[in-house]
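The following report describes selected local features of one structure.

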Amino acid sequence: MLQIKDLHASVEDKPILRGINLEVKAGEVHAIMGPNGSGKSTLASVIAGKEEYEVEKGEILLNGEDLEDLAAEERAHKGIFLSFQYPVEIPGVSVTNFIKTAINSTRKAKGLADMPAKDMLKMIREKSEMLEIDRKFLSRSLNVGFSGGEKKRNEIFQMAMLEPKLAILDETDSGLDIDALRIVANGVNKLKSKDNAVVLITHYQRLLDYIKPDFVHVLYNGRIVKSGGPELAHELEEKGYDWIKEEVDA
Amino acid sequence: MSKYTEDDLREELKTKEYEYGFYTDIESETFPIGLNEDIVRAISKKKNEPEWMTAWRLEAFKVWQSMEEPDWANVNYKKPDFQAIAYYSAPKAIDPNKTLDDVDPDLLAMYKKLGISVDEQKKMNNVAMDIVVDSVSVATTFKKTLGEKGIIFMPISEAIQEHPELVRKYIGTIVPTKDNFYAALNSAVFSDGSFCYIPKGVKCPMELSTYFRINEGGTGQFERTLVIADEGSYVSYLEGCTAPSRDENQLHAAVVELIALDDAEIKYSTVQNWYPGNDKGVGGVYNFVTKRGLCEKNAKISWTQVETGSAVTWKYPSCILKGDNSVGEFYSIAVTNNYQQADTGTKMIHLGKNTKSTIISKGISAGKSQNSYRGLVQVGSRAENARNFSQCDSLLMGNECGAHTFPYIEANNKSAMIEHEATTSKIGEDQIFYCNQRGIDTEKAIALIVNGFSKDVLNKLPMEFAVEAQKLLEISLEGSVG
Ligand SMILES: Nc1ncnc2c1ncn2[C@@H]1O[C@H](COP(=O)(O)OP(=O)(O)O)[C@@H](O)[C@H]1O
Ligand SMILES: [Mg+2]
């Protein structure tokens, strides 16, 4: 599904990613962990096509297709979804209106007509029930005055609506209390299939108790310095990152 | 207006040019350029006006000659040469007394392009419409239906003939001829416009609507609108404006007077889309407009405007809250792009007790444009318990445009409560990226953000206009973020 080869990226001439290699196959869940500032969100943004970041070397392939020349919205149309660490506010645009616009933009790109209102409403009802989202919430302005947890839940709601091939969840667990975490994780698990893949960016083991990763990677200083199975996450939880830093910096 | 579907909207979005920039080749009768007493007399004669009207115009002309063009607004432009403009232009083939079937087919084709096919209007039965092309009102629909309720809705030129007592009683009482330079000019030379009278206790059953269009080159448009809502009546009135794309700056100086007698309510909505000039700042309409309404006891006037067009806009729809418990509202969206300049806002003059006013202004600036809100809230010494709430929000796109807010408050009564809130925000790259990531392209993302920003005002417009206004916002801002 996703292949990243020797990816180097910088922002304002400051190198941030320094040679990332990663392969994610359909049906897999990968966790990316690592200390603050190591480049996790940058990696997510670069995959999603944020123009601020300059890709200096390497390539990103989605199902064999090089993403280099594709704008962010075109990548989204191909099934890449990013749950933002810091979702932005759009005053006056309701959650419903926003997701409707997103879905119909993607359908249009695929040469499909707008989704009939009836189907849209049905889908919104199903997905919001799955994530235990109140109907009133859906008519509020996107992310305006949302609590941290509401923002994250709204991201997963959008993911559920858009049914992506590759979902990257950037610290979706932070800001969630334990009940919300369970609901969100259940949602993600329900959306998982053998045809799609999930990349979880997280600091904490607790999310991985709910969504079982197949692989765990440690990102440090712009490189993946260690990869392993779920046990690696436990080890990090216990020992922190210092031993990894020492290993790398030695 | 015909219904716009989402597909139409998308189709429109592909057109980068000013959409209404066509010129219709209809034979027209235009007066020689220049302005003097003889021209004023000639206009009055052309309109078959009674003596009092001619005298009123001549008086206004005298006043105008003694006045200077104001320059306190935050706009820069080459002052028009008032002797280089023709003050009267009428599509020749049209006799206002004929029915629509007799109307010049070219003109009907023009309405089609404007999206206001009169045939459709007839069927739609919800909007009665008057259309003023250049200086003459060419068609008034629904006269009969309205007539049964005693509602008068006709070109003001006809009203002067048919209802001189009403026109004479009210014209110039809200915007006196000497009110300001452009109002004086308008009073001297106005050639047409709409007149509307709603009798006591009557709720007008449909939206009344006027569509203004400048067609001829080298002319100015000076229309005059007078709306009188008698005691306990209600009317919702809409006006729309377009003009062809021309390199010259055309002058539009209108006057609108509203009178809401005791317990009456007037809702006045405008979608202003005069030609804004091109992306180099060449051409475009100078839109210098005086709009004012008077509220008697318990009366209410709401101004809602969506201003997307014109090279220069100078416009402050205002309310004089004379009667106790009267209410004034001003809801505005002003969009400027490229080299457009807008200085717009309102005046709320609280004279009566317990008077209330609300001001919501949304300014959107893009390109190298300048967008100013200028508002006055004045509370007279006898206006016990006056209340005002003002909110002015500015949205900036890019780094080369400007947004300015000039709120003036004059409170002469201690019991007054005046609240003012202002915000300025910028469409951020993060917002756009967020939308992009969800599959929404940048153009659509901007439209979404702008519509969200303008929602409080868009919601105040009647349905058909809201859709058109939304579409206009999108077109006006196309290509404004790189
Ligand atoms: N837009 C930006 N401009 C400047 N520096 C940035 C930008 N985005 C990220 N960085 C820097 O890149 C590094 C990695 O950041 P980030 O990817 O957010 O890390 P993480 O998500 O792992 O905490 C940090 O040093 C951060 O300051
Ligand atoms: Mg991060």
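B:Ser191 is found in the loop that joins helix 9 to strand 6 (194-198) of chain B; helices (H or I, at least four residues) and strands (E, at least two) are DSSP runs, numbered from the N terminus. This is a predicted model, in which local features need pLDDT of at least 70 and side-chain atom pairs count only at pLDDT 80 or more, while totals for chains, interfaces and linings use all residues. Residues are numbered from 1 along each chain as its sequence is written, chains are lettered from A and ligands numbered from 1 in the order in which they are written, and side-chain values use heavy atoms, with hydrogens and water left out.

B:Ser191 and B:Gln431 are 240 residues apart in sequence and, C-alpha to C-alpha, 48 Å apart in space. Helix 9 (residues 181-189) of chain B is mostly covered, with nine of its nine residues buried, among them B:Phe181, B:Tyr182 and B:Leu185. The N-terminal end of this helix is capped by B:Asn180, a side-chain oxygen of which lies 2.9 Å from the backbone nitrogen of B:Tyr182.

In chain A, the magnesium ion (ligand 2) has A:Ser41 (OG) and A:Gln85 (OE1) as protein donors, at 2.0 to 2.2 Å. Donors are N, O and S atoms within 2.8 Å of the metal (3.2 Å for Na, K and Ca); water is not among the atoms, so sites may look incomplete.

Accessibility is classed as buried (under 20% relative accessible area), exposed (over 50%) or partly exposed (in between), with a 1.4 Å probe and protein chains only.

| Residue | Relative accessibility | Class |
|---|---|---|
| A:Ser41 | 25% | partly exposed |
| A:Gln85 | 16% | buried |
| B:Ser191 | 3% | buried |

Conventions: A polar contact is a pair of N or O atoms within 3.5 Å; within protein, one must be able to donate a hydrogen and the other to accept it, and residues adjacent in sequence count only if both atoms are side-chain atoms.
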